[in-house]
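Please read the points below with the coordinates open beside them. They are set out as a colleague's note, moving from the overall chain to single residues.

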Amino acid sequence: MTIRPIQQCDRDYFIRSVDEFYHSPAVCHEIPPHNAALTFAQLMHGTPYADCLIAQDETGEPCAYLLLALTWSNEAGGLCVWLDELMVSETMRGKGIGSKMIAAAKEKYGTAARFRLEVTADNPRAAALYRLLGFDDLAYQQMVLDTPQPG
């Protein structure tokens with residue numbers, strides 16, 4: 001298995017996998033289908049706010065993605081790397097790919113003050129992995145305010 005930055009050739013895989021992610025127990029709601037294409041375009045233009053890693057299997061086919069959101073955290077005192085979406089293909093789960101993807105993010109952003117993620121109650125297997133990797137539960141209730149976007 002190889003982990004590398006997302007590339008233009010990953011577009012179809014990324015968009016298909018994002019759709020699968022948002023129809024899984026990993027999330028509580030769906031997103032508009034065009035969001036994946038917008039995110040991919042931003043990643044290809046080199047946005048300073050996001051990054052994405054792709055895992056390839058032995059044949060060179062993509063089998064996982066890790067979308068990262070980069071922000072400053074006053075609370076943490078530095079860069080906060082949000083592990084925004086981690087999606088491993090169904091047939092590749094249980095092979096340590098999620099752990100390797102998180103390790104690659106921690107290596108790439110080794111100076112970050114905090115790594116943060118969200119996990120739903122419907123995804124206990126992922127929560128167990130995250131705890132095993134050293135993540136702690138955070139006692140905040142998250143709230144959002146979505147604003148209409150053009151397009």
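1. Helices (H or I, at least four residues) and strands (E, at least two) are taken here as DSSP runs, numbered from the N terminus. On that basis Y140 is placed in the segment after helix 4 (124-132). Residues are numbered from 1 along each chain as its sequence is written, and side-chain values use heavy atoms, with hydrogens and water left out. The model is a predicted one, in which local features need pLDDT of at least 70 and side-chain atom pairs count only at pLDDT 80 or more, while totals for chains, interfaces and linings use all residues.

2. As to overall architecture, the chain holds 4 helices and 5 strands, and from the N terminus on these elements follow the order β-α-α-β-β-β-α-β-α. The chain is as compact as a globular protein of its length, because its radius of gyration of 15 Å is close to the 15 Å that the globule rule gives for 151 residues. That radius is taken over C-alpha atoms, and the rule is 2.2 Å times the number of residues to the power 0.38. Along its principal axes the C-alpha trace spans about 40 × 40 × 30 Å.

3. Turning to contacts (heavy atoms within 4.5 Å), of those in the chain between residues at least 6 apart in sequence, 60% join residues at least 24 apart. Buried residues account for 38% of the 151 residues in the chain, where buried means under 20% relative accessible area, exposed over 50%, and partly exposed in between (1.4 Å probe, protein chains only).

4. The accessible surface of the chain, by the Shrake-Rupley method with a 1.4 Å probe, comes to about 9,600 Å², and 53% of it belongs to carbon and sulfur atoms.

5. How many disulfides does a search of the whole structure find? With a disulfide taken as a pair of cysteine sulfur atoms within 2.5 Å, the search finds 0. The sulfur of C52 lies 12 Å from the closest cysteine sulfur, in C9, which is too far for a bond; for C80 the closest cysteine sulfur is that of C52, at 17 Å, and this too is too far for a bond.

6. C52 counts as buried, at 0% relative accessibility, and C80 is buried with a relative accessible area of 3%, whereas C9 is exposed, at 61%. C9 sits in the loop between strand 1 (2-5) and helix 1 (11-21), and its C-alpha atom is 12 Å from that of L43, a residue 34 positions apart from C9 in sequence.

7. Y140 is partly exposed, with a relative accessible area of 49%. Leaving aside residues up to four places away in sequence, Y140 touches E75 and R116.

8. S89 belongs to the loop between strand 4 (78-88) and helix 3 (97-108). Not counting residues up to four places away in sequence, S89 touches Y13 and C63, while the C-alpha atoms of S89 and Q141, 52 residues apart along the chain, are separated by 29 Å.
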